[in-house]
Amino acid sequence: MTTPPRAARTAVLAALAVLAAGCAASPGLRARPAAAQPVCAGPVVIGHRGAPLDAPENTMASFEKALQQGADWLETDVQTTRDGVPVLMHDASVDRTTNGKGAIADLTAAQIAGLRVTVGPGPAEPVPTLEELLKRLSGTTVTLLMEIKWQRAEDVARIARIAAGSSARVFLYSFSADHLRQAHAAAPALPVVLIQGASISEDPGDLPLHGIALDATLATASRIAAEHEAGREVYVWTLDDDESWQLMTEREADGLITDTPGRARRWADANCRTERPVAPRGARVH
């Protein structure tokens with residue numbers, strides 16, 4: 001319903017008067033977060049490597065873009081340097097994504113810090129460490145879906161402990177059931193999610209999975225229903241068009257992993273069936 005202009009002006013003036021009175025009464029009052037915004041109760045929008053079509057992938061610029069565009073969650077990939085520092089990069093080497101060469105496992109954290117991510121639009125960006133992103137998300141409403149890439153067991157455990165020691169909301173996920181077992185042993189409080197694709201689809205066995213991340217080709221209505229029956233959430237990758245978002249929403253997927261979080265957010269809001277109030281995306285929790 002459209003508010004009549006006079007009523008709108010009256011409401012604004014009344015609100016300003018209340019605000020002025022509050023400020024006068026409490027001169028030291030700090031600014032509070034914006035009021036909760038209604039968003040769809042359907043699947044969450046998950047920014048795959050941030051917003052890689054708008055900034056270099058898996059960089060702080062990409063993650064900030066995804067949050068600005070309305071992503072509910074962020075997705076990233078974690079590799080470990082030669083000296084044991086977890087950094088955010090999809091590939092096992094820096095060749096494709098940066099101005100450097102070599103395997104991450106053969107490079108030190110200092111060497112990685114000297115590189116710049118060049119794949120994607122916009123200025124080249126530094127390679128973030130895991131701790132840098134966790135610090136950014138600490139105390140916010142954003143969930144980080146953090147893929148542990150193939151690496152040594154001690155590195156897997158270190159990554160899990162670092163995540164558990166932060167105040168960020170983190171889900172650990174991996175293609176490797178063994179990695180998830182190692183991570184769960186190191187950080188049992190963190191939810192674990194198994195990734196399954198057309199070419200890699202490991203059996204979770206007795207893993208206490210919170211969820212499963214499915215390649216879109218595996219995310220049939222019957223498969224999603226079966227996962228829900230087993231008490232698992234389902235996140236589907238990688239979905240970048242209206243038809244895919246519609247189909248997975250109809251199949252009741254819990255999350256849409258996408259390279260285009262801004263477009264997915266607008267689609268989800270435009271096709272909202274029911275609403276639930278949540279804190280603003282990326283806002284601090286007080």
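1. Buried means under 20% relative accessible area, exposed means over 50%, and partly exposed covers the range in between, with a 1.4 Å probe and protein chains only. By that scale T129, with a relative accessible area of 29%, is partly exposed. This is a predicted model, in which local features need pLDDT of at least 70 and side-chain atom pairs count only at pLDDT 80 or more, while totals for chains, interfaces and linings use all residues. Residues are numbered from 1 along each chain as its sequence is written, and side-chain values use heavy atoms, with hydrogens and water left out.

2. Overall content. The chain holds nine helices and 13 strands, where helices (H or I, at least four residues) and strands (E, at least two) are DSSP runs numbered from the N terminus. Of the 286 residues in the chain, 45% are buried. Among the contacts in the chain with a separation of 6 or more, 57% are between residues 24 or more positions apart, a contact being heavy atoms within 4.5 Å.

3. Surroundings of T129. T129 sits in the loop between β6 (125-126) and α4. Once its neighbours within four places in sequence are left aside, T129 is in contact with V85, P86, V87 and L88. T129 and T80 are 49 residues apart in sequence, and their C-alpha atoms are 9.5 Å apart in space.

4. The nonpolar cores. A nonpolar core is taken as a set of buried Ala, Val, Leu, Ile, Met, Phe, Trp, Tyr and Cys residues joined through side-chain atoms within 4.5 Å. The largest such core has 33 residues, and those with the most contacts inside it are L74, L133, L137, L144, M146, V170 and L172. At least two residues of this core come from each of α2 (60-68), β3 (73-80), α4 (130-137), β7 (143-148), α5 (153-164), β8 (169-174), α6 (177-186) and β9 (192-196). Apart from it lies another core, of 15 residues, which includes V45, M248, A253 and W267. Returning to L137, and not counting residues up to four places away in sequence, L137 touches L67, L74, V142, L144 and A168.

5. Packing of α4 and α5. These two helices pack at an angle of about 20 degrees, with their axes 10 Å apart; axes are lines fitted to C-alpha atoms, for helices over the stretch in contact, and angles run from 0 to 180 degrees between N-to-C directions. The angle makes α4 roughly parallel to α5, given that angles under 35 degrees count as roughly parallel, over 145 as roughly antiparallel, 65 to 115 as roughly perpendicular and the rest as oblique. The crossing of α4 and α5 is right-handed, which is the term used if the near helix is turned clockwise from the far one by less than a right angle, with left-handed for anticlockwise. L130, E131 and L134 in α4 meet I159, I162 and A163 in α5. By class, the residues of this contact of α4 with α5 are five nonpolar, no polar and one charged, where Ala, Val, Leu, Ile, Met, Phe, Trp, Tyr, Cys and Pro count as nonpolar, Asp, Glu, Lys and Arg as charged, and the others, Gly among them, as polar.

6. Packing of α8 and α9. Helix α8 (residues 242-250) and helix α9 (residues 261-270) pack at an angle of about 50 degrees, with their axes 10 Å apart, and that angle makes α8 oblique to α9. The crossing of α8 and α9 is right-handed. On the α8 side D242, W245, Q246 and T249 meet R263, A264 and W267 in α9, and the contact of α8 with α9 comprises three nonpolar, two polar and two charged residues.

7. E227 lies in helix α7 (residues 221-229) and is buried, with a relative accessible area of 6%. Leaving aside neighbours within four places in sequence, E227 is in contact with I212, R232 and V234.

8. Backbone points to inspect. Most residues other than glycine have a negative phi, and most peptide bonds are trans. N58, although not a glycine, has a positive phi of about 60 degrees; N58 is in the loop between β2 (44-48) and α2, and at 1% relative accessibility N58 counts as buried. E252, also not a glycine, has a positive phi of about 70 degrees; E252 is placed in the loop between α8 and β12 (255-258) and is exposed, with a relative accessible area of 53%. The peptide bond from W237 to T238 is cis, with omega near -25 degrees, and T238 is found in the loop between β11 (233-237) and α8.
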